[in-house]
Amino acid sequence: MVIKVFLATSSGSTAIKKKQQDVVGFLEALKVDYTQLDIACNEENRMWMRQNVPEEKKPSNGIPLPPQIFNEESYCGDYETFFDAKEDNSVFAFLGLAPPPGSKEALKADEEEHIMENGTHAEETNEEGMDDSIEVPEVDRNGDVYENEDEEGKEDVEEPVAEPEENEDSEGGGDNEPEDTGHAEEYEEQEDELQSEDDEELRQLEEEEEADVEEGEEDYLEETQEEEAE
């Protein structure tokens, strides 16, 4: 099975170039055999990629952006789904490949299989260990007998009543002054200000990243339309 990565080598989008480099670099680090197919210089590759990306995976404009990843004719996913698989240590499953022995993904799969086998074996052992030859009265199974015995025992035993302890502080009758909460309120105000500043910086970073991605997509679409017009 051959992994196909559809790329745009002459894309003017910085965001698209970075995503393509991330995918290719990680596949090379894992020593996965793959083939790069350029959609910028090869119209046949571009049309094949667009036709074989599932409709539900395409953006609203209907034009999928590179990189797009396939295993032979089977669609694996785009950069976002590849990144999610990378974070979850499940890239080989994402690619439809068996993980190599000793890899993190293989060890994770072995642990999950071991847990499932042990759980199933324990359930079977517990079921087999039940001795049906011992007859247990129905009342014992329901716990009625034990409940009745407990109730009878409670009637015979009188519980000692604990005498209330005198509280010396209560005799003072209001000598305790309320704690000063001024420092706590000041600390909470500082925390709110720091949180607001962090939220504002995060919002600005997200807006800058979205602007970069939108600009890259617009450049890619303009290039695609100019090439199709030629």
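Strands β3 and β4 run antiparallel and are joined by four bridges. Here a helix (H or I, at least four residues) or a strand (E, at least two) is a DSSP run, numbered from the N terminus, and two strands pair if DSSP finds at least two bridges between them. This is a predicted model, in which local features need pLDDT of at least 70 and side-chain atom pairs count only at pLDDT 80 or more, while totals for chains, interfaces and linings use all residues. Residues are numbered from 1 along each chain as its sequence is written, and side-chain values use heavy atoms, with hydrogens and water left out.

**The sheet**

- Let us begin with the overall layout: four strands make an open sheet in the order β2-β1-β3-β4, with mixed pairing.
- The edge strands, each pairing on one side only, are β2 (34-38) and β4 (74-78).
- From one strand to the next, the twist averages 25 degrees; axes are lines fitted to C-alpha atoms, for helices over the stretch in contact, and angles run from 0 to 180 degrees between N-to-C directions.
- Strand β1 (residues 3-7) and strand β3 (residues 68-71) run antiparallel and are joined by four bridges.
- β3 and β4 form a hairpin with two residues between them, and E72 in the turn has a positive phi of about 55 degrees.

**Helix α3**

- Which residues of α3 are buried? They are Y79, F82 and A85.
- These residues cover an arc of only 125 degrees around the axis, which puts them on the same side of α3; the arc is that of the directions from the helix axis to the C-beta atoms.
- On the other side of α3, you will find D84 and E87 exposed.
- The cover over the buried residues of α3 includes α1, β3, β4 and α4, where contact means heavy atoms within 4.5 Å.
- D78 caps the N-terminal end of α3, with a side-chain oxygen 3.4 Å from the backbone nitrogen of E80. A polar contact is a pair of N or O atoms within 3.5 Å; within protein, one must be able to donate a hydrogen and the other to accept it, and residues adjacent in sequence count only if both atoms are side-chain atoms.

**Helix α2**

- In α2 (residues 43-52), the buried residues are N45, R46, M49 and R50.
- Seen down the axis of α2, these buried residues fall within an arc of 125 degrees, so they line one face of the helix.
- The face turned away from the buried side of α2 carries E44 and Q51, which are exposed.
- At the start of α2, a side-chain oxygen of N42 comes to within 2.9 Å of the backbone nitrogen of E44.

**Backbone exceptions**

- As background, most residues other than glycine have a negative phi, and most peptide bonds are trans.
- K31 is not a glycine, yet it has a positive phi of about 60 degrees. K31 sits in the loop between α1 (14-29) and β2, and it is exposed, with a relative accessible area of 76%.
- N89 also is a residue other than glycine with a positive phi, near 55 degrees. Its place is the loop between α3 and α4 (91-95), and N89 is partly exposed at a relative accessible area of 37%.
- The peptide bond from P66 to P67 is cis, with omega near 0 degrees, and P67 lies in the loop between α2 and β3.

**A link across the chain, and the cysteines**

- How many residues apart along the chain are I16 and P67? They are 51 residues apart, and their C-alpha atoms are separated by 7.5 Å.
- I16 belongs to helix α1 and is buried, with a relative accessible area of 4%.
- A search of the whole structure finds zero disulfides, a disulfide being a pair of cysteine sulfur atoms within 2.5 Å.
- Is C41 buried or exposed? C41 counts as exposed at 65% relative accessibility, whereas C76 counts as buried at 17%.

Terms used:
Buried means under 20% relative accessible area, exposed over 50%, partly exposed in between (1.4 Å probe, protein chains only).
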